[in-house]
Amino acid sequence: MRHLMSPLDFSVEELDQLLDLANDIEAHPEKYAHACDGKKLATLFYEPSTRTRLSFEAAMMNLGGNIFGFSSAASSSAAKGESVSDTIRMISCYADICAMRHPKEGAPMVASAVSSIPVINAGDGGHQHPTQTLTDLLTIRSLKGRLDHLVIGLCGDLKFGRTVHSLVRALARYEHITFIFISPEELKIPGYIKEDVLEAQNIPYKEVERIEDVMSDLDILYMTRVQRERFFNEEDYIRLKDFYILNNKKMKLAKEDMIVMHPLPRVNEISVEVDKDPRAAYFRQVQYGVYVRMALILTLLEVNVC
Ligand code: NCD
């Protein structure tokens, strides 16, 4: 039995197969409409989420399966003091697979150690968010036609943004990727990612503060929200929250075929005027998220559709 804790749990070849499956689902959704008939997905969300939870639920419903779960710690037995390990042992008796989001780094890993059903990490604190990364990889491969030879700018809260941490690890495995980290001093990418992932493999990167200085170099611009809930004080958040606002003026500096991605939710970092720009890919990214979660559920449940 397999779980998904980190995007690196799949080899590059396995990832290719998963993304191929997601593209096939996109092309022939009817083929998969009953692939999970009679199966149940539990969504255990100890931290708020709209997109990820609903995306998992839509994915399972598109496969003909059923869903149940909770959407906040307050509405689960965690409020009575139940441990994650006990909860997952109990859920294992009800469901065939589960997706867990938790504010504590490593909680889904603890669950997977005692679970008898596949556990998917749907985001653990500021650590990782592997299914967002699968979504991002599918979006990039589908819209740019490749996962190598890319210059990717990651902009915003690179310190607390778990989607960034997971995506950098995942893209670091492909040839000729250059990372440009765009952030204020206080929200720089953590040192352990630079040292353990990038410098250890001689992967080129640079860190800048002004988006305008690098815009014309980018194949992909990955915008992120300042992660208010992970700040220690509100004043710092208020000072930094509108540091970057992508607008049409800045988009003029970018390549014709650059794409703008964002894991969403967006706050102010992308002005709504950019939504009409054909290079804005963030809503298409949401749709890819459903296809890739369908592919992931099929893969972890070992369901083959011919
Ligand atoms: C992201 C997350 O939860 O980390 N959202 C998501 O899953 N699409 C990004 C964010 O909350 O800013």
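His176 is not a glycine, yet its phi is positive, at about 50°.

Some conventions, colleagues. This is a predicted model, in which local features need pLDDT of at least 70 and side-chain atom pairs count only at pLDDT 80 or more, while totals for chains, interfaces and linings use all residues. Residues are numbered from 1 along each chain as its sequence is written, and side-chain values use heavy atoms, with hydrogens and water left out.

I turn to the ligand. Around the ligand stand Arg51, Thr52, Arg101, His129, Gln132, Arg162, Thr163, Arg225, Gln227, Pro263, Leu264 and Pro265, where a residue counts if one of its heavy atoms lies within 4 Å. Both α2 (51–62) and α6 (162–171) contribute at least two residues each to this shell. Domain 1 (7–128 + 287–300) and domain 2 (131–285) each provide at least three, the bounds coming from an automatic or database domain assignment.

Gln227 places a side-chain N or O atom 2.8 Å from a ligand oxygen. Such polar contacts are pairs of N or O atoms within 3.5 Å. Taken alone, the ligand exposes 310 Å², of which the protein buries 94%, by the Shrake-Rupley method with a 1.4 Å probe.

Finally, the shell residues Leu264 and Pro265 are joined by a cis peptide bond, with omega about 5°. Pro265 belongs to the loop between β9 (259–261) and α10 (282–300).

Conventions. A polar contact is a pair of N or O atoms within 3.5 Å; within protein, one must be able to donate a hydrogen and the other to accept it, and residues adjacent in sequence count only if both atoms are side-chain atoms. Helices (H or I, at least four residues) and strands (E, at least two) are DSSP runs, numbered from the N terminus.
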